[in-house]
Amino acid sequence: MKTFIHGALLLPGGDVIFNLEYFGLVRLNPQSKIIRKLAYRTHHSIFQDGDGKLWVCGAKWCEKSVEKFLGLRPPFMDGMILKVCLNGEIEREMSVLEIIYESEYHNLLFTKGQTTGDILHLNDIEVLSEENANEFDLFQAGDIMVSLRDINAVLVIDG
């Protein structure tokens, strides 16, 4: 099976962290030795917050109907927001579908009429810093911004 690097981050000291598209998150040292692997369907961007934590796009396929996701037909993909420590442990995992269904904006899911497959396509995750929070009256430091390509939306989630 073919894959490619999609999303990379260079750390002080020369380590590099990158996604092998839909295969996992990898950390290499400057000598190309594998330091850490996270076996998770990760993809796209990698964002490092002010505390050094990584925010990574993940994906989970739902092969069966999920009662809380009314209107979606399997198989479908759920975009996952992952907060990952530099040691490779997942500190936090959030379902984008759950976030949308629990909000008043769940109709966003059906704007294109797609009810199966990769409905959202999570592209980017960033966390609003203290420094940037002052620029936005509606948001606070720690809020999580996500970009969803297939429904043409940017969401800001209470961190």
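The following questions and answers walk through a predicted model of one protein.

In this predicted model, residues are numbered from 1 along each chain as its sequence is written, and side-chain values use heavy atoms, with hydrogens and water left out. Local features need pLDDT of at least 70 and side-chain atom pairs count only at pLDDT 80 or more, while totals for chains, interfaces and linings use all residues.

Student: How many helices and strands does the secondary structure of the protein come to?
Tutor: Helices (H or I, at least four residues) and strands (E, at least two) are taken as DSSP runs and numbered from the N terminus. Read along the sequence, they follow the pattern β-β-β-β-β-β-β-β-α-β-α-β-β. The secondary structure therefore comes to 2 helices and 11 strands.

Student: What is the radius of gyration of the protein, and which value does the globule rule give for 159 residues?
Tutor: The radius of gyration is taken over C-alpha atoms, and the globule rule is 2.2 Å times the number of residues to the power 0.38. The two values are close, so the protein is as compact as a globular protein of that length. The C-alpha trace spans about 50 × 45 × 25 Å along its principal axes.

Student: What share of the 159 residues do buried residues make up?
Tutor: A residue is buried at under 20% relative accessible area, exposed at over 50%, and partly exposed in between (1.4 Å probe, protein chains only). The protein exposes about 9,100 Å², of which carbon and sulfur atoms supply 51%, with areas from the Shrake-Rupley method with a 1.4 Å probe, where for residues only the protein chains shown count as cover. Buried residues make up 45% of the 159 residues.

Student: Which residue in β3 is the bridge partner of Val16?
Tutor: Strands of a sheet pair through backbone hydrogen bonds, either parallel or antiparallel. Here β2 and β3 pair in the antiparallel sense over 5 bridges. In β3, the bridge partner of Val16 is Leu28.

Student: With which residue does Arg27 form a salt bridge?
Tutor: A salt bridge is a side-chain nitrogen of Lys or Arg within 4 Å of a carboxyl oxygen of Asp or Glu, and by this rule the count comes to 6 salt bridges. In the one formed by Arg27, the closest N and O atoms are 2.8 Å apart. Arg27 lies in strand β3 (residues 24–28) and its partner in the loop between β1 (5–10) and β2 (16–20), so the pair ties together parts that are 12 residues apart in sequence. Arg27 is buried at 17% relative accessibility, and the partner of Arg27 is Asp15.

Student: Is Asp150 buried or exposed?
Tutor: The side chains of Asp150 and Arg149 meet in a salt bridge (2.7 Å, N to O). Arg149 counts as partly exposed at 44% relative accessibility. Asp150 has a relative accessible area of 15%, so Asp150 is buried.

Student: Which residue does Glu91 meet in a salt bridge with the closest N and O atoms 3.1 Å apart?
Tutor: Glu91 is found in strand β8 (residues 90–95) and counts as partly exposed at 42% relative accessibility. Not counting residues up to four places away in sequence, Glu91 touches Lys53, Lys83, Val84 and Cys85, contact meaning heavy atoms within 4.5 Å. The salt-bridge partner at 3.1 Å is Lys83.

Student: What separates the C-alpha atoms of Pro74 and Val146?
Tutor: Pro74 has its place in the loop between β6 (54–62) and β7 (76–84), and at 29% relative accessibility Pro74 counts as partly exposed. Leaving aside neighbours within four places in sequence, Pro74 is in contact with residues including Cys62 and Thr116. Pro74 and Val146 are 72 residues apart along the chain, and their C-alpha atoms are separated by 24 Å.

Note on methods. Two strands pair if DSSP finds at least two bridges between them.
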